[in-house]
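Let's walk through this structure together, one piece at a time. Have the sequence and the 3D view ready, and look up each residue as we come to it.

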Amino acid sequence: MNPFTLLNATAIPLRVENVDTDQIIPARYLTAVTKTGMGQGLFAAWRYLPDGSPNPHFILNQPAYAEAKIIIAGKNFGSGSSREHAVWALTDYGFRAVISPAFADIFHNNALKNGLLPITLPEESVTMLMDLVEESPDVRILIDLPAQRVILPDGQQLSFDIDPYRKQCLVQGLDDLGYLIANLEATRAYENAQNK
Amino acid sequence: MTTPQTLFEKVWNAHIVKQDDGAPAILYIDTHLIHEVTSPQAFNMLRERGLTVRRPDRTFATMDHVTPTRPVPFAQWPEDTRIQIRNLRQNCQQFGIKLWDITGPVQGIVHVVGPEMGITQPGSTIVCGDSHTSTHGAFGALAFGIGTSEVGHVLATQTLLQHKPKTFAINIEGTLGPGITGKDIILAIIAQNGVDGGRGYVFEYRGSAIEQMDMAGRMTICNMSIEGGARAGMIAPDDTTFAWLKGRKHVPSGPAWDEAVARWRTLPTDEGATFDREMTLDASTLAPMVTYGVNPGQGVPITGRVPTLAELDNLAQRRELASALEYMGLKEGQPMLGQPIDIVFIGSCTNSRIEDLRMAASIAQGRQVADGVQALVVPGSKAIKAQAEAEGLDKIFMDAGFEWRNAGCSMCLAMNDDKAGPGQYVASTSNRNFRGRQGPGARTLLMSPLMAAAAAVSGRLVDVRDML
């Protein structure tokens with residue numbers, strides 16, 4: 001996993017709450033046996049018209065937001081199905097972070113496993129950020145993971161919480177599997193003790 | 001004297017391999033269920049890293065999400081689904097994993113087959129790359145959904161890193177009225193608590209209504225814990241649980257059975273144990289529930305109405321309701337009774353067990369599916385299908401004009417050819433009414449098997465209690 005320390009990018013406001021993973025990636029894209037190319041299906045029902053052409057009204061299709069690497073979304077982002085394909089779609093498309101007042105549990109886990117940083121901020125801050133980037137799409141937001149801060153061009157700083165272990169994994173580009181494998185001795189001891 | 005513990009804490013504590021300071025716990029996974037959609041990339045990862053499946057004896061596979069429910073020859077399946085199925089077969093063969101293939105005698109939806117085969121046992125930890133893994137919590141197991149990366153972690157080590165969730169007791173008291181089912185209970189809970197009310201928690205469903213409920217109803221309730229935002233949902237095992245499990249293929253037998261039951265009897269929450277949160281629901285006042293919107297929390301009693309924008313507190317909520325109603329083609333304040341439907345889907349890991357089919361058949365019997373309505377019944381497994389046929393339920397359904405299908409996830413998420421068309425209303429016994437889930441533009445109304453069967457024979461939503 002690529003390490004995540006700093007991200008300086010533009011952002012897209014998604015003024016929708018409870019964005020479920022069926023919206024992020026519809027089930028028809030889940031027949032893939034690899035992770036690649038999932039970006040095609042990202043927000044498919046909103047991005048494309050029934051004839052397959054881009055929906056000009058959807059914010060992702062607006063040129064002003066074409067280079068955005070951050071999504072600012074309403075609460076309970078990523079609810080519903082556990083499909084990790086939702087995260088792969090977001091990262092394949094180019095997003096590196098999502099800011100929301102709250103994330104659904106499984107999505108939050110999946111995001112961390114793929115170097116997509118979920119940032120939880122209070123509702124008022126999220127609304128303020130949405131207003132800001134809606135008015136000025138070219139505003140660059142600096143995310144400093146080691147300092148746990150979102151920094152705006154006017155100098156405003158918003159701090160966010162993140163579990164210290166999860167933060168360390170992201171900053172160093174480590175995944176859980178290395179840690180679990182390193183502890184297999186303890187796992188075998190558990191199995192013996194429990195007759196498993 | 002040890003501290004009183006909840007069911008969740010007992011199972012959690014019994015499965016900690018190790019917990020370093022400042023790190024999540026390493027949790028041992030007793031049982032790993034896999035299926036064709038969320039496993040391919042996990043197996044690829046194993047091969048890329050030169051790893052193998054550490055405990056194939058604790059790993060079980062089904063094929064259910066992309067499989068047709070009609071007898072379509074494999075060569076005629078869409079190519080990407082054939083690749084996915086072959087992929088699962090090859091992976092299971094390479095790593096020595098038990099696969100319940102669609103061609104074999106044991107087959108069906110993963111969360112139906114697991115309990116059926118006695119794989120699901122009280123006090124165990126069970127995971128699957130599927131959010132409705134919470135179903136198995138009905139047996140007093142700690143069961144939850146995981147993503148594909150974590151599927152890979154479990155395959156490689158039989159462990160997972162987990163932060164300890166908090167506990168939330170949902171007390172459900174009172175006797176259910178006629179026509180009220182587990183599905184109505186869980187829809188009412190989510191309507192009250194919200195789709196994110198359970199975030200960070202494991203639910204424990206308790207109380208007299210739960211104690212009186214059969215295993216199928218308990219599985220329905222636990223199944224939709226994820227829709228309430230919870231990590232998992234659990235129900236303490238009791239004599240109902242043990243009677244249901246006894247004699248199933250993978251449960252102990254003889255003296256080992258008695259020992260297992262004695263152990264399992266120690267699992268229920270201790271007197272005096274505390275939960276981080278609690279709520280109480282009076283089950284005796286429930287009416288059959290139906291959803292009107294685009295998440296499972298947007299539901300009302302059948303006797304109720306779609307909310308109005310004016311009733312909602314804030315702009316975001318109003319925006320959300322307006323958007324939902326626009327998608328669903330419904331009007332604010334409209335009654336749910338009489339809402340026309342086009343398709344009826346009776347099935348899914350939520351409601352496809354023999355008890356669900358019997359309930360639906362009791363309404364279908366002697367009646368006819370309304371003109372213009374397509375109604376499917378999809379049993380949860382081959383065994384349930386066979387049992388239903390032995391009881392003559394298939395004949396009841398077919399005489400009434402329902403289509404009788406083979407087992408699979410089917411129209412719950414429409415990954416096979418069972419899809420609703422744009423704008424079509426589906427009276428569905430599944431678990432999610434998200435936009436486009438049952439087909440692009442499809443409009444899902446969630447409800448119980450009784451309500452779905454009643455809708456089928458009426459061509460519109462009715463209060464099934466009038467038909468009992």
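Start with A:Phe43, which counts as buried because 22 C-beta neighbours lie inside 10 Å. The rule is that a residue is buried if 20 or more other C-beta atoms lie within 10 Å of its own, exposed if 12 or fewer, and partly exposed in between, with C-beta atoms placed from the backbone. You will find A:Phe43 in the loop between α1 (21–24) and α2 of chain A. Its phi is near 50°, a positive value in a residue other than glycine.

Before going on, a word on what you are looking at: this is a predicted model, in which local features need pLDDT of at least 70 and side-chain atom pairs count only at pLDDT 80 or more, while totals for chains, interfaces and linings use all residues. Residues are numbered from 1 along each chain as its sequence is written, and chains are lettered from A and ligands numbered from 1 in the order in which they are written.

Another positive phi belongs to A:Asn195, near 55°, and this residue too is not a glycine. A:Asn195 is in the segment after α8 (184–194) of chain A. Is it buried or exposed? A:Asn195 counts as exposed, because it has 5 C-beta neighbours inside 10 Å.

A:Tyr65 is partly exposed, with 18 other C-beta atoms within 10 Å. Look for A:Tyr65 in the loop between α2 (44–47) and β3 (70–73) of chain A. Which residues does A:Tyr65 contact, leaving aside its neighbours within four places in sequence? They are A:Ile12, A:Ile59, A:Leu60 and A:Pro137, where contact means that the C-beta atoms of two residues, placed from the backbone, lie within 7 Å. A:Tyr65 and A:Glu134 are 69 residues apart in sequence, yet their C-alpha atoms are 9.6 Å apart in space.

Now step back to the whole of chain A. It has eight helices and eight strands; helices (H or I, at least four residues) and strands (E, at least two) are DSSP runs, numbered from the N terminus. Buried residues make up 42% of the 196 residues in chain A. Of the contacts in chain A with a separation of 6 or more, 69% join residues 24 or more positions apart. Along its principal axes, the C-alpha trace of chain A spans about 60 × 45 × 25 Å. For 196 residues, a compact globule would have a radius of gyration near 16 Å, and the 18 Å of chain A agrees with this. That radius is taken over C-alpha atoms, and the globule rule is 2.2 Å times the number of residues to the power 0.38.

Next, see where the chains meet. The contact takes 51 residues from chain B and 41 residues from chain A. Among the elements that give two or more residues to the side of chain B that touches chain A are α3 (79–95) and α11 (315–328) of chain B. α5(B) gives the most to this side, with six residues.

Finally, turn to two helices within chain B. Helix α12 (residues 354–364) of chain B and helix α15 (residues 449–458) of chain B pack at an angle of about 30°, with their axes 8 Å apart. Axes are lines fitted to C-alpha atoms, for helices over the stretch in contact, and angles run from 0 to 180 degrees between N-to-C directions. That angle makes α12(B) roughly parallel to α15(B), since angles under 35 degrees count as roughly parallel, over 145 as roughly antiparallel, 65 to 115 as roughly perpendicular and the rest as oblique.
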